Amino acid sequence: MSRRLQRLNVLLRQELSELIRRELRDPRLAGIVSLTRVSTSPDLAAATAYVSIMGGEEEKTETMRT
């Protein structure tokens with residue numbers, strides 16, 4: 001993976017984390033949702049965000065459904 005792509009992944013992770021923290025005020029979300037990694041395709045057409053959710057299985061399932 002190129003250095004440019006690594007920097008972009010880090011920047012996207014930071015920005016998405018900030019958006020989740022500031023903008024999402026949904027009571028169905030579990031207490032702690034964090035972005036662990038972002039992976040961008042080499043052509044920059046798509047990105048996959050990986051999340052970690054603290055809580056029980058039911059909370060995790062409901063959070064991902066939201």
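**View 1. From the N terminus on, the chain runs α-β-β-α.** That comes to 2 helices and 2 strands; helices (H or I, at least four residues) and strands (E, at least two) are DSSP runs, numbered from the N terminus. This is a predicted model, where local features need pLDDT of at least 70, side-chain atom pairs count only at pLDDT 80 or more, and totals for chains, interfaces and linings use all residues. Residues are numbered from 1 along each chain as its sequence is written, and side-chain values use heavy atoms, with hydrogens and water left out. Of the 66 residues, 14% count as buried (under 20% relative accessible area; exposed is over 50%, partly exposed in between; 1.4 Å probe, protein chains only). The accessible surface of the chain is about 5,300 Å², and carbon and sulfur atoms hold 53% of that (Shrake-Rupley method, 1.4 Å probe; for residues, only the protein chains shown count as cover). Take the contacts (heavy atoms within 4.5 Å) with a separation of 6 or more: 41% of them join residues 24 or more positions apart.

**View 2. Here's the salt bridge between Arg22 and Glu18.** The structure holds 1 of these, a salt bridge being a side-chain nitrogen of Lys or Arg within 4 Å of a carboxyl oxygen of Asp or Glu. The N to O distance is 3.4 Å. Side chains of opposite charge can pair when their charged atoms come close. Both Arg22 and Glu18 sit in helix H1 (residues 3-23), 4 residues apart, so about one turn of the helix. Arg22 counts as partly exposed because its relative accessibility is 40%, and Glu18 is partly exposed too, at 28%.

**View 3. Now look at Thr40, in strand E1 (residues 32-40).** Leaving out residues up to four places away in sequence, Thr40 touches Leu5, Leu8, Asn9, Leu12, Ala46 and Ala47. With Asn9 there's also a side chain to side chain polar contact at 2.4 Å (a pair of N or O atoms within 3.5 Å; within protein, one must be able to donate a hydrogen and the other to accept it, and residues adjacent in sequence count only if both atoms are side-chain atoms).

**View 4. Last stop is Ser2, in the segment before H1.** Its side chain reaches the backbone nitrogen of Leu5 at 3.1 Å. Ser2 counts as partly exposed because its relative accessibility is 41%. Pro42 is 40 residues from Ser2 along the chain, yet their C-alpha atoms are separated by 8.8 Å.
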